Amino acid sequence: MEHTLFCLLLLLSTHIYSGHSDDDDGQAKAVLTKQPKSSQIFSGESVTLRCNIQRGEVTDWKYTWRKDGVDFLSRKHKYEISEVKISDSADYRCLGTHVDQKKHSKWSDIVRLTVTALPETTLTVYPNPVYTGETVTLTCSVGSGWSYTWYKDNTKKVVTLSGRHTTTGTTFTIRRAADSDQGFYWCQGEIQSRSISSIISDPVTITVKALPKATLNITPNPAYTGETVTLTCSVGSDSGWSYTWYKDNTKKVVTLSGRHSTTGTTFTISSAAESDQGLYWCQGEIQSRSISSIISDPVTITVKERPAAVLTLQPNWPQIFSGETVTLRCDIQGGEEIEYAFYNSGKLVSTKTEPEYRIHPTKNGLYTCEGLQKRNGLKHSQTSNALQLTVLDQPQAVLSVSPQWLDPGDSVTLSCWVKESSTGWRFFWYRTVPYTARLLSLSDRSYSVEPLSGNGTSEDSYTLIPTGPSHTGGYVCRAGRGDPVYDTLYSKPQFLWSGEPQPSVSLKMRPNRNQHFTQKSLSLSCEEKGNTIGWKLKRYREKAVDSECGSNWGSIAGSKCTIMFTFSWDSGVYWCESGSGEYSNAVNITVAAGPLILESPAYPITEGDSVTLRCTNRYQETNPIPKVDFYKDGVLIRNKTTGEMTIPVVSKSDEGSYKCTFNEKESPKSVVRVRGVTPGPSTSVLVGVVVGLVVAGVLLAILLVLLCQYKNAKDSCCNRTFSLPQPQSTNQQDQESTQGRAPDPGYTLLQHGIYDTITPSDNNDNDAGAATAGPSDVMYAQIQLKELDKKNKKMPADPKENPVYSEVKTGKATDRHPAARSLSLLLRNRNRLPRRPQLPVTVIDKDIQQEETVIQHLKEMSGGPFSCFSKQGILLLLLSNFHYGVGVSSYLSFHKTVGDSVEIPAGLEGQNVTIMQWKYRGKDIVEFNSEVVYSRGSQFDGRLELNVINFSLTIRKLTLQDSGEFLVTAETDKQIPAKAVTLQVHAGALILESPAYPITEGDSVTLRCANSYQETNPNPRVDFYKDGVLIRNETTGEMNIPAVSKSDEGFYKCKSNEGESPESWVTVRGSVVFISLLPRLLCGLLVVSPFLLVSIVLMIKCCRARGDHFISVYSFFMSCSYITALAVANGNP
C-alpha cells in the first residue's frame, strides 16, 4: 500500500516538472514579445525580444531563438539589439528547454521585426523668391507624430522665434519679409518618447527681393494696316502674374473689343488701323498674393500701309508637268533689306535673298510669297496673290500623219501637238526603225527612232516633199520646252502607208477585198520575190500597233497568217515589215458585224481602168438583195437591182468614201483610191503639141471662112479700145472722134453713149444655181448686134425706142468644169448710166461703124481676157477657164443654229453711202435711200433690222429656210464692189465653220467647231472627223491644217458632248506651179507662133488693100491664139 502511494506521487511530480500543463499534450507554451511595440522600427533604435514560458522560473529554462529559420541557443530569455539595423529585419520565434527534465516547450508565434531607415525631412517654402513685405511660409514634412525644429544659416543654429517668426505644427511663418530673412533654412523631425530624430532636411534658400518692373514688347512695330499686332508684358521669370493694359495714359485701361483681346501675357490687336496708334503701358498683378509690379515704360505703336507683293510664274504656262522647271518671281515695290519667303499651301518652303525661286513641282500646289525684314524676320509686305499650280503627269505627244495613205509626189504633213498644253513647245521628228539597244527607243521597245531633223522645229508640223515609197513607215514626235529642256513622252507611232505593191514584198489577202464579215476566215501573207523569210505581219488598230501575227492574234503557217474567226476588233490596217525597216503595201480591213459589206478593191485603181463595187449580204444565197443604193461621200449616186455598181473608166474624181444601203441597213464605208497615170516628160510635150496642132487646124479653118467674108464685106474696119464717154462730152467732141472716116449710110452714131446692166437671170430654172453660186462661178454671153435699117440715116432721138439685147446662155459653175451664171447684157443709153457699174469688165470691139450701137465701157474685171468681133453684127465675149467671182469683192460665211440671231456685216464703215441694198437669193429685202425700206411679203418680215451707221443687217429668230446667199450693194462717191455673204442655219447645237469657197493647195485653213451656247457652255473637248474617221481632238475647238493638200478634200464634221455638227464639204483647188507649166507654155507658144506669122502677113496685105481695116481679123486671131496657148498650158485643150 505504501509502495503504491509512493509511485503515484512520483508520477505526479514527473508530470509537473516536465512542463506539461492542462493542455492535451502537456507541453508549456512559449510567448515572444517585442519592445517597442511599434510596427515601424527605425534604424538605430533599441529593440528587445522576450521569450516567456508559462511554467517554472525563467532560470529553469534554456532558450532557443530562431531568426528566419536559423537557430541559436541562449541562457537568456530576452534578446536585445541596441542599435537595430536594416539587416536585423526578420521573422523571430523562441523555444524553451527545461534544464532538468530536458523537456521542450512549444515554439512561440512568429514576431516580425521590420527595420526602416530614418525618414528624410522635406522642407518647402512659399513663395520663393519673396518680395519685400510679403509673408513666407516654410513647411516641414516627415509624418504623423513628429515635432519639428527649425534652423537658419547652419544646422546648429535654431531659429529664434519673434513677433514676425512663429511656428505652428509643421509650418514656420515669416511675416513682413525683409532682407534679413534671406538665407539657408533647414528643419528636422523628432519623436521624443523614443528619442529618435529624422534626417535633417536639405537646405532651402529664401530670397527676398524688391518688386519687379513690367516690361512691354510689341511685335511688329511699326505695324501695317490690317496686320495683327501682339503686345507682350513680362514681369521677370515669375509665373502667376495677370496683366492690366493701358493706352494713352496710365489711368486709361484698354477697352476690349472684337479686334482687341488678351490672353495670358499678351494683348492682341487684330486688323490694325490708324486708330490703334499711340502710347501703351502694362502692369503685372498677383491677386492671390495681393501684389502689383511696377508699371512698364510706355511704348509707341505706329501703323502704316504694307507694300504689295506680286507673284508671277515664269514661263507663264497654263499647265505645268511633273518635274518641269518653272520659276516663281516675287516682286515687292520699295523692298530694301528684305528677304523673300515662298509658301506652298501656307507652309514655308524657301527663303531667298533674290526674288526668284526655281522649282520642279511633282504635285499640285497653291503658292504665295511675301517679304520679310532681314533685321528681325518680321513680315514686310502683304501676302501675294495665290498662284495655283496644277501639275499634270508627264504628257505624251500626239502625232497625226496627213494623208496617211501615200500618193506619190504629194506632200505629207506630220502634225504634232500636246493635248494638255499648246504653249512654248519645240517639236522633234523621228522615223521608226527596228528596235536597237544603242538607239533612242520607245518605252515599250517596239521601235527605235532616228531623228528627221537635228534641232527640231518651232512649227507643229513637218512636211515630207515629195513623197515616195521610201517614205512609208512609222513616225513619232516629241515636244520639248523650257530651260533646261523638258521633254514629253514619245508619241504613239503613226504610219504613212502605201496601197501600191512594193518591189521587195507585197501583202496578199484572201479573200481580196477591204471588208469582211465576222466569224469568217481571213488569210494574209507577205510574198517576197525569191523568199518570204524575215518579214513579219503587223496591224494597226484603235490607234495602236499590235505585235506581229502569231503573238496574240492569228496563227502562222509558213508565210501565211490566218485569222480563223474574224471579229469586229480585227478591223485595222495590215502590212508586212522587215527586220531592216522595209514596208510592204498596206491594206485597210474592216470586219463588219452587220448584214452588209461593200466589196471593193483592196489596192489603188489606175485611172482609166474599170472597177465594180458589189454590195454583199451575209445571207446572200438565201436572201438576195433586190435593190441597193450606192453612196459616195454621203451622197446617193446610184441604185441598182443587181447589187453591183460598175465605173467603166475610173478617174481621179471617183476617189472617195463609198457605202451601200439596203432596207435601212448599210455597209461600212470603204475608201476607193485612184492612182494617176503619170506620163513621162516627152509624152507630156508630145500630147501638148498634138492637141495644139488639132486646135490650130480648127482655128485655121475658121480663119479661112472669115477671110472670105472679109473680102466680100464693104464695111470699114477699125480697131480701138472702146471706153466710156464722159458725161460732159458734146456733139462736136463726138464728131472729132470720128474724123477721117466716112460715115456708113446704114448707121448713125449715138451721141448719148451706151449703158449696160448685168444681173442674175430672172429665169426660174436658174434661180437656184444663181443663188448658190460661189467664187468659182464664171459667165459668158454671146451678144448679137443687129443691123439698123439702112434706109434710115438717123436713129430715133430716144434710144429706148430701139434697144439691142444680147443672147444669154446660162449654166452652173463647178471647180473643175466652169459654166456661166446667167447674165443679161442690156444695151441702154448712157444718160442712165449708174454712178458705179455693177460688173466692171474690159471689152475690145471690132468693126464698129460710125452709126452702130455698141456695148459701153465695162472696165477692170479680174475674170480674164475678153475679145469681141462685131463683123456682120456679131459680138463675142470669151472667158478663159480661170475661176473667179464676178463683180463680188469678198465672200463671208456664217454658221448659226435655229433660233439664233446673226449680224451680217456690210463692210461699209466710214463710207459716204447714199444708196444701198441687201438682197437674198437675188430678191430685195431691205433698201436704204435716205431712209430704210423693208420689202413686204418676204420671209424675213418683222425679223430684220438695218444698222444705218455701218449698214450691217441683223436677222433674228433664224429658221432653216433662212440659209442662202445675201448680197449687199451700195453707191458712194467712189467705186465699191458688191459683197456676198453665205448664211447656213443648222438645227443642232454644233456647227462646223469651214470656208464657203475652194481652198488653194498650200494655203492654211482653220476649221472651227462652234457651239450655239458658246459663251455659257464652251466646248471643253472637240473631236474632228474626216469622211467619218476621227482625225484629231482639240481642247480649243479649232483644227488648223497649215498646208492644205488635195488629200484634205472631203467631208468634215465635229463632235463634242453637246452633239454632232452637220457634215461640211471642203474643196481644194490645185495650185499652178510655174515650173510644172513651163513645158506646156512652151508647147503653147510653139502652136501659136505659126498663127503669129500668118497674122503678120494678113495685116500687111489688109493694110495695102483696105487701109487700116485689117485689125478686126487680127484682133480675133490674137484672141484665139491666146486662148489656144492658155488651154494647152492648163492641160485642157
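Guide: Two strands pair if DSSP finds at least two bridges between them. With that rule in hand, welcome to this predicted model.

Visitor: What makes S50 and strand S54 a pair?

Guide: Six bridges join S50 to S54 (residues 572-578). The rule asks for at least two, so six bridges are enough for S50 and S54 to count as paired. The two strands run antiparallel. As one example, Leu537 has Cys576 of S54 as its bridge partner.

Visitor: And how do you know that S50 and strand S51 pair?

Guide: S50 and S51 (residues 544-545) share two bridges, in the antiparallel sense. Since the requirement is at least two, they therefore pair as well. Arg541 stands opposite Ala544 in S51.

Visitor: What makes you call strand S50 mostly covered?

Guide: Strand S50 spans residues 535-541, and five of its seven residues are buried. Buried stands for under 20% relative accessible area.

Visitor: Let's turn to the cysteines. Why is the link of Cys140 and Cys187 called a disulfide?

Guide: The sulfur atoms of Cys140 and Cys187 are 1.9 Å apart. The cut-off is within 2.5 Å, so this pair qualifies. By this rule the count for the model comes to nine disulfides.

Visitor: What makes the Cys140 and Cys187 disulfide right-handed or left-handed?

Guide: The torsion about its S-S bond is about 80°, so the disulfide is right-handed. This pair links distant parts of the chain, with Cys140 in strand S12 (residues 136-141) and Cys187 in strand S16 (residues 183-191), 47 residues apart. Cys140 and Cys187 are buried.

Visitor: How do you know that Cys615 and Cys660 are joined by a disulfide?

Guide: Their S to S distance is 2.1 Å, and the limit is within 2.5 Å, so the pair meets the rule. With 70° about the S-S bond, the link of Cys615 and Cys660 is right-handed. Distant parts of the chain are linked here too: Cys615 sits in strand S58 (residues 611-617) and Cys660 in strand S62 (residues 656-662), 45 residues apart. Both of these cysteines are buried.

Visitor: Which parts does the disulfide of Cys1009 and Cys1054 tie together?

Guide: A disulfide joins Cys1009 to Cys1054, S to S 2.1 Å, and it is right-handed, with 70° about the S-S bond. Cys1009 lies in strand S84 (residues 1005-1011) and Cys1054 in strand S88 (residues 1050-1056), so the pair ties together parts that are 45 residues apart in sequence. Both Cys1009 and Cys1054 are buried.

Visitor: Now the backbone. What makes the phi of Arg921 worth a look?

Guide: Most residues other than glycine have a negative phi. Arg921 is not a glycine, and its phi is positive, about 55°. Arg921 is found in the loop between strand S75 (915-920) and strand S76 (923-928).

Visitor: Why is Arg921 called partly exposed?

Guide: Its relative accessibility is 45%.

Visitor: Where does the model show a cis peptide bond?

Guide: One of them runs from Thr219 to Pro220, with omega near -10°. Pro220 is in the loop between strands S20 (215-219) and S21 (223-224). The bond from Gln314 to Pro315 is cis too, with omega near -10°. Most peptide bonds are trans.

Key. Residues are numbered from 1 along each chain as its sequence is written. This is a predicted model: local features need pLDDT of at least 70, side-chain atom pairs count only at pLDDT 80 or more; totals for chains, interfaces and linings use all residues. Side-chain values use heavy atoms; hydrogens and water are left out. Helices (H or I, at least four residues) and strands (E, at least two) are DSSP runs, numbered from the N terminus. Buried means under 20% relative accessible area, exposed over 50%, partly exposed in between (1.4 Å probe, protein chains only).
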